[in-house]
Amino acid sequence: MKKSIAIAPNIETLFGTRDENVRLLEDGLNITINLRSNSIELEGAARDVARAEQVFSDYETLQRSGYSFNNGDLNSMLRVLTSDPNSTLRGLADAGRQRSFGRRTVQPKSSNQRRYLEAIEKHDMVFGIGPAGTGKTYLAVAMAISALLSKRVNRIILARPAVEAGERLGFLPGTLQDKIDPYLRPLYDALYDMLDPEKVDRYLEKNVIEIAPIAFMRGRTLNDSFVILDEAQNTTSEQMKMFVTRLGFNSKAVITGDITQIDLPNARRSGLLEAIDVLKNVEGLAFAYFDEGDVVRHHLVQRIVRAYDEHKTRVAEEQMLLLAEPKTTESAPVSDKLPIDRDNVSSSELKQ
């Protein structure tokens, strides 16, 4: 099917740098897009062409309403749109406008990220599980800030297990807080990225935002709060049970972790692994899973994650092959094992 649509003002901005967005639409929707002198020609299956036409129509509508795309948001939205048949460009843009993230606009950059944000909105407890760089913590902090600024909660509590990954806390200089702060730095980074530094400092001073090791959560009931547990793969079973039972009225909890980076002495003791198994059928909470396709850091990170996964699979296969090999129980004759001293053996004995 072929369809020609009129060229709208400033439509060239939709195409992206070196037409990267056009290629993304062509590959994702399985269509061909050709720019004519006074029109844009779409060719492909009727359903795919209709979706592409909707993209151009939505983009024109958003531009007329004054919507501006920043920091690669348009490319991210198109990636989500091409992988999810139920999403539209206008719907993704409107969802972003409904949330206030401080000084930044936060848009999901993959279908899994979009489902993660929707799960946080709909459920009181969400587990975000996946490799590094998939936005688990960053998006959770963004949703917490959105809830705080819209006065749906009164405070944000960010917790993290202070588990050494080869280092020792005791050798760090300063007070206990000084020793712990480096382990909580990723949470500080996300806050300062979305809010003005003065506002973050003021919130921290007034305990509107609290950042602490998970051990400080024991015995508390957290009401009217947005609680985030980061690096949950490094919690013990006891710590995880303690944390998920802290939730009070009008509160949300997001637990994030990467089960491939467990720093506990015994990986099988990870509270996150146990929680996945124990809580999978509990009504009212949700699990969101990420993979290397959701990595939004440098493009090398995506390749590195994939390489480690392939290496892990390869090692596991080699171990299985070694276990499957039959073991020989017959021993060779003693005469075959011992070296022959030719200087002390006669020629007749050698012939035998």
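Helix axes are here lines fitted to C-alpha atoms over the stretch in contact, and the angle between two of them runs from 0 to 180 degrees between N-to-C directions. In the predicted model, helix H2 (residues 20–29) packs with helix H4 (residues 73–83) at an angle of about 5°, the two axes lying 9 Å apart. Angles under 35 degrees count as roughly parallel, and H2 and H4 are therefore roughly parallel to each other. On the H2 side, the contact is formed by Glu20, Asn21, Leu24, Leu25, Gly28 and Leu29, which meet Leu74, Asn75, Leu78, Arg79 and Thr82 of H4. By class, the residues of this contact comprise five nonpolar, four polar and two charged.

A further site concerns Arg114, which is located in helix H6 (residues 111–122). Arg114 has a relative accessibility of 15% and therefore counts as buried, the cut-off for this class being under 20%. When residues up to four places away in sequence are not counted, Arg114 touches Val80, Asp84, Ser87, Leu92 and Pro108.

The model contains one cavity of 30 Å³ or more, and the volume of the largest cavity is about 40 Å³. Its lining consists of Ile120, Glu121, Met143, Ala147, Arg152, Phe226 and Lys252. Four of the lining residues are nonpolar and three are charged, while no polar residue is present.

Methods:
Residues numbered from 1 in each chain as written. Predicted model: local features only at pLDDT ≥ 70, side-chain atom pairs only at ≥ 80, totals over all residues. Heavy atoms only, no water. Helix = DSSP H or I, 4+ residues; strand = E, 2+ residues; numbered from the N terminus. Parallel < 35°, antiparallel > 145°, perpendicular 65-115°, else oblique. Contact = heavy atoms within 4.5 Å. Nonpolar A, V, L, I, M, F, W, Y, C, P; charged D, E, K, R; others polar. Buried < 20%, exposed > 50% of the residue type's maximum accessible area, 1.4 Å probe, protein only. 1 Å grid on protein atoms, 1.4 Å probe; cavity = no way out; pocket = protein on both sides within 12 Å on 5 of 7 lines; lining within 4 Å. Points joined across faces, edges and corners; volume = space filled by probe spheres on them.
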